[in-house]
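User: I would like to go through the assignments in this model and hear the grounds for each one. Please set the values against the criteria.

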Amino acid sequence: MKLLLGFALCVALQAATLTRAGPGARIIGGNDAIVGQFPFIAALNIQTEDSTFFCGGALISNEWILTSAHCTQGAHTVTIRLGSNTLSGSDPNRVTLASSHVVVHPDFDPETTANDIGLIKLRLPVEFTDYIQPIGLASTNLPNSANPTALGWGQTSDDDPGFSNHLQFVGLAVVSNIECALTFGNQITNNTVCVDGNYNEGTCYGDSGSPLVVRLIGGTRLQHVGVSSFFSGNGCESTDPSGYTRTWPYVNWIKNQTGIP
């Protein structure tokens, strides 16, 4: 059984570490997102009592961000950036907001990463634009036949500790929970979805809380189907799957907490 890194995706940083990725660097096999391609993506700087962390998230209404529990646990304040694919540099579409409070799933288990899902409420509602739009929650459980897309600003290789300045995305395939459990054992539950690429595509440090999205057959809009939770202790560039918390089992909890209809 491989070592599971549940919290390694959300890593302590100083502002200076938000560096531009080098030429050709990718979120482990991904590509640069174009302007407005994923208008729900959120960059989160999270302040705890003694450190600052970077995570990703997704806008699900004009007041709420969906992310992982281990990104929100212990958070005092969160700075949220919306509307931009870049972390630094000038962007007229970028909006920076503050948090009101965070909500960690009450059954979150830091040891196993079970129920690794959390919410951040904005201090003030955000105004929607062409570059800031919410994503819909999963309308069904993600089928194994789906080909979802992972997003994030995380490390683009095991050897480069800097984050990508430009949002990356990569198409992945769902790995059945039975197959994923061969790698991670009983840490894989019905509320987990594992994904893998053609070779070693997937998530890395800094991608935690970022969304897994899919356009289901017959659908016209992307849906939020997973929250980035863990990757293998063998490294980001290993061929082991990446792990997400499924969105669908938590839709009622999310709606109860946020008031989203």
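Analyst: What follows takes the assignments in turn, with the criterion for each. This is a predicted model, in which local features need pLDDT of at least 70 and side-chain atom pairs count only at pLDDT 80 or more, while totals for chains, interfaces and linings use all residues. Residues are numbered from 1 along each chain as its sequence is written, and side-chain values use heavy atoms, with hydrogens and water left out.

User: How do you know that a disulfide joins Cys55 to Cys71?

Analyst: A disulfide is a pair of cysteine sulfur atoms within 2.5 Å. The sulfur atoms of Cys55 and Cys71 are 2.1 Å apart, so the pair meets the criterion. A search of the whole structure finds two disulfides.

User: Which hand does the link of Cys55 and Cys71 have, and where do the two residues lie?

Analyst: The link is left-handed, with -90° about the S-S bond. Cys55 lies in strand S5 (residues 52-59) and Cys71 in helix H1 (residues 69-72), 16 residues apart, and the pair links distant parts of the chain. Helices (H or I, at least four residues) and strands (E, at least two) are DSSP runs, numbered from the N terminus.

User: Why is Cys55 called buried?

Analyst: Buried means under 20% relative accessible area, exposed over 50%, and partly exposed in between (1.4 Å probe, protein chains only). Cys55 has a relative accessible area of 0%, so Cys55 counts as buried. Cys71, at 2%, is therefore buried as well.

User: What makes Cys180 and Cys194 a disulfide?

Analyst: Their sulfur atoms are 2.0 Å apart, so they too fall within the limit. The torsion about the S-S bond is about -75°, so this disulfide is left-handed. Cys180 lies in helix H2 (residues 177-184) and Cys194 in strand S14, so the pair ties together parts that are 14 residues apart in sequence. Both Cys180 and Cys194 are buried.

User: Why are the buried residues of H2 said to be on the same side?

Analyst: The buried residues of H2 are Asn177, Cys180, Thr183 and Phe184. They cover an arc of only 110° around the axis, which puts them on the same side of H2; the arc is that of the directions from the helix axis to the C-beta atoms. An α-helix has 3.6 residues a turn, so residues three or four places apart point the same way. The face turned away from the buried side carries the exposed residues Ile178 and Leu182. Just after H2, Gly185 takes a positive phi of about 70°.

User: How do you know that S5 pairs with strand S4 (residues 41-47)?

Analyst: Two strands pair if DSSP finds at least two bridges between them. S4 and S5 have seven bridges, in the antiparallel sense, so they pair. Ile41 stands opposite Ala58 in S5, and a hairpin joins S4 to S5 through four residues.

User: What is the phi of Thr113, and is Thr113 buried or exposed?

Analyst: Phi of Thr113 is near 65°, a positive value in a residue other than glycine. Thr113 is in the loop between strand S8 (95-104) and strand S9 (118-122). Its relative accessible area is 7%, so Thr113 is buried.

User: Why does Asn115 count as buried?

Analyst: Asn115 has 18% relative accessibility, so Asn115 counts as buried. Asn115 also lies in the loop between S8 and S9, and has a positive phi of about 55° although it is not a glycine.
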